[in-house]
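Subject: Structure handover

Hi,

Here is the structure I promised to pass on. Please open it alongside this note.

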Amino acid sequence: MHKIKRDDMVKIISGKDRGKTGKVLKVDTKKNRVIVEGCNIITKHTKPSMANQNGGIVTTEGTIDISNVMLVVDGQATRVGFEVKDGKKVRVAKKTGKAID
């Protein structure tokens, strides 16, 4: 079980987009990276192909290291811990003590 999952709201705590919040679109657990909606925008130059007839400059979200984001619960960025409740392992917000899942 991981501390950050897809569709979580996170706050970026370092880098050029520090302070921004967004929804996690994808988590790469092998490389420990996440893609956050509207953050770390990169431009790619693409050649014309069958899928993209025109080519040109495309803007997309780049990956961010998972250590540079914090989970947002009730509008506050918080660390994440784990507890066993009713025989299930659940994520818990350290600031409030509330179960996230």
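This is a predicted model: local features need pLDDT of at least 70, side-chain atom pairs count only at pLDDT 80 or more; totals for chains, interfaces and linings use all residues.

Strand 7 and strand 8 pair through three bridges, in the antiparallel sense. V72 is opposite A77 of strand 8.

**The core**

The largest nonpolar core counts 13 residues. Those with the most contacts inside it are I4, V10, V34, V36, I64, V69 and L71. Strand 1 (9-12), strand 3 (33-36) and strand 7 (69-73) supply at least two core residues each. Strand 7 gives the most, with three.

L71 is worth a click. Leaving aside neighbours within four places in sequence, its contacts include I4, M9, V10, V80 and I100.

**R91**

R91 belongs to strand 10 (residues 88-93). Is R91 buried or exposed? Its relative accessibility is 2%, so R91 counts as buried. What does its side chain make a polar contact with? The partner is the side chain of D8, at 2.8 Å.

**N40**

N40 lies in the loop between strand 3 and strand 4 (41-46). Its relative accessible area is 17%. The cut-off for buried is under 20%, so N40 is buried. A polar atom of the N40 side chain lies 2.8 Å from the backbone oxygen of T63. Beyond four places in sequence, N40 touches K16, D17, T60, E61, G62, T63 and I64. I64 is also among the core residues listed above.

**A77**

A77 is in strand 8 (residues 76-78). With a relative accessible area of 19%, A77 is buried. The cut-off is under 20%. Not counting residues up to four places away, A77 touches K11, M70, L71, V72 and K95. A77 and A93 are 16 residues apart in sequence. In space, their C-alpha atoms are 9.2 Å apart.

Best wishes

Conventions. Residues are numbered from 1 along each chain as its sequence is written. Side-chain values use heavy atoms; hydrogens and water are left out. A nonpolar core is a set of buried Ala, Val, Leu, Ile, Met, Phe, Trp, Tyr and Cys residues joined through side-chain atoms within 4.5 Å. Buried means under 20% relative accessible area, exposed over 50%, partly exposed in between (1.4 Å probe, protein chains only). Helices (H or I, at least four residues) and strands (E, at least two) are DSSP runs, numbered from the N terminus. Contact means heavy atoms within 4.5 Å. A polar contact is a pair of N or O atoms within 3.5 Å; within protein, one must be able to donate a hydrogen and the other to accept it, and residues adjacent in sequence count only if both atoms are side-chain atoms. Two strands pair if DSSP finds at least two bridges between them.
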